[in-house]
Amino acid sequence: MNQMNNFPSQKLHEECGVFGVYQQPDASFLTFFGLHALQHRGQEAAGIACGDGTQILCVKGKGLVTDVFEKDALSQLTGANSIGHVRYSTEGGDEIENVQPILAKAHMGSLAVAHNGQIINAQDLRCSLEEKGSIFRGSSDSEIILHLIQRGKGSLLEKIQQACNLLDGAFAFLILTEKNLYAIRDKNGLRPLSIARKGNGFAVSSETCAFDLIGADYIRDVQPGEIVKFSSKGMQSFSYTSCVQERICAMEYIYFARPDSNICGRNVHTMRRSTGRILAKKDRLQGLQADIVIGVPDSSLSAAMGYSEESGLPYEMGLVKNRYVGRTFIEPTQAQRDMGVKMKLSANASVIQNKRIVLLDDSLVRGTTSKRIVLLLKEAGAKEVHVRIASPAILYPCFYGVDISSRKELISTQMSRDDLCAYLHADSLSFLSIQEMEEAYGGSSFCFSCFSGKYPTPLYQNILE
Ligand code: SF4
């Protein structure tokens, strides 16, 4: 993003989404639909690679899935096996070489790779590979796996196992050969990846919402540290390490994923609703008096429903989202930035006038959008606005593919809770604690690192710097 002209993004961004099918007559078309269902995970670029048994063809470009793939582009992609990718770049630039899938033609055959996540030892691995003669086409961390595989020993599966063992960080990979498809998750399972059956073949996706669209039936998730191979022998499971634990990114449930997706067997809407319930219980104990509950569309609506159910306060549509705002709106002045929020969200004045409102938001990153929303509600006649954040305060960077790169950009590190409440023009402010989050989610098999500062993988000096 051009920071000179565009106001920096106020929400977090997921790095990307991956989707693939094995043994499907219309593989490229199904992958197009799958990527379309995952479009919320990345809007900068999209690509599809198809294997027809003898070769891999790849089409990719910048823009939304529907911009990159017109009918002619999909018709070129023949073959029954396919992988696709939607991208939001955090690591590597936005040049076309970094758009995925990345295709490599080697003596052992062709390989295409699509990756969601971030390899945190990418810089060290890249330097070492370059010293050994590897030449990289782009600057993305995802290309590293292709070079590591090429340098491995034994069968392709063994080479993939060796490569995965060298990677630290977050990865959900799809690897396509001329004949087979591999689906892999990192040993902490930080990024989601699910498997479904469709007819005599299979589908793999970052989120299960894509299965519903193509009529595939969910089977299970790829496990942390697992390599699932789809071949003429069907679906086979292999591991590349015994050192595994489940630490799925909590932000998938809080904000990234679609509410109709199930991640690691848990429905995203249901998880969000339970966070709203816990916030309501807390407020009841503290005697908060309010008239209505509203959520910031779309990702906070489920938490607002949960709050309403638990508190007995009516759930109202106090904010309405305009769905036709271009994502490249340029906002160089303060007045235009304020207009930018108003273009995206409108306050429903007849619902909120003279009301004491509980406003549910999924998370608080830089705080500017939340502040504008509170002001929008007050300008429209709200008597009080009590901001409730359905996650803990974000205090630390993410090294696993989400664009929180420094503590300075996080408003919760810069102000006390009271100052933050005043900054937002809110009448009160509260977050979930990490313990309450665990209670809402029913366990601790999640990554909460951006809240706790406790990371499930080793950190590297170059990242910290
Ligand atoms: S640090 Fe936060 S955003 Fe990053 S993977 Fe962990 S929970 Fe997700």
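1. A starting definition: helices here are DSSP runs of H or I with at least four residues, numbered from the N terminus. Please keep in mind that this is a predicted model. With that in hand, helix 8 (250-256) and helix 17 (449-452) are each seen to supply at least two residues of the shell around the ligand.

2. Now for the ligand's surroundings. The space that the ligand takes up is the largest cavity. Around the ligand you will find Arg 191, Cys 249, Ala 250, Met 251, Cys 398, Tyr 400, Val 402, Cys 447, Ser 449 and Cys 450.

3. Arg 191 is among the residues around the ligand, and arginine counts as charged. Ser 449 is also one of the residues around the ligand, and serine counts as polar.

4. For helix 9 (residues 268-285) and helix 16 (residues 434-441), the axes come within 8 Å and cross at roughly 130°. Helix 9 is therefore oblique to helix 16. The crossing in which helix 9 passes helix 16 is right-handed.

5. One more pair is worth a look. Helix 4 (residues 122-131) and helix 5 (residues 143-151) have axes that come within 10 Å and cross at roughly 45°. That angle makes helix 4 oblique to helix 5, and the crossing of helix 4 and helix 5 is left-handed.

Technical notes
Residues are numbered from 1 along each chain as its sequence is written. This is a predicted model: local features need pLDDT of at least 70, side-chain atom pairs count only at pLDDT 80 or more; totals for chains, interfaces and linings use all residues. Side-chain values use heavy atoms; hydrogens and water are left out. A residue is near a molecule or strand if one of its heavy atoms lies within 4 Å of it. On a 1 Å grid over the protein atoms alone, a cavity is a set of points where a 1.4 Å probe fits but cannot get out, and a pocket is an open set with protein on both sides within 12 Å along at least five of seven lines; lining residues have an atom within 4 Å of a point. A molecule sits in a cavity or pocket if more than half of its atoms lie within 2 Å of its grid points. Axes are lines fitted to C-alpha atoms, for helices over the stretch in contact, and angles run from 0 to 180 degrees between N-to-C directions. Angles under 35 degrees count as roughly parallel, over 145 as roughly antiparallel, 65 to 115 as roughly perpendicular and the rest as oblique. A crossing is left-handed if the near helix is turned anticlockwise from the far one by less than a right angle, and right-handed if clockwise.
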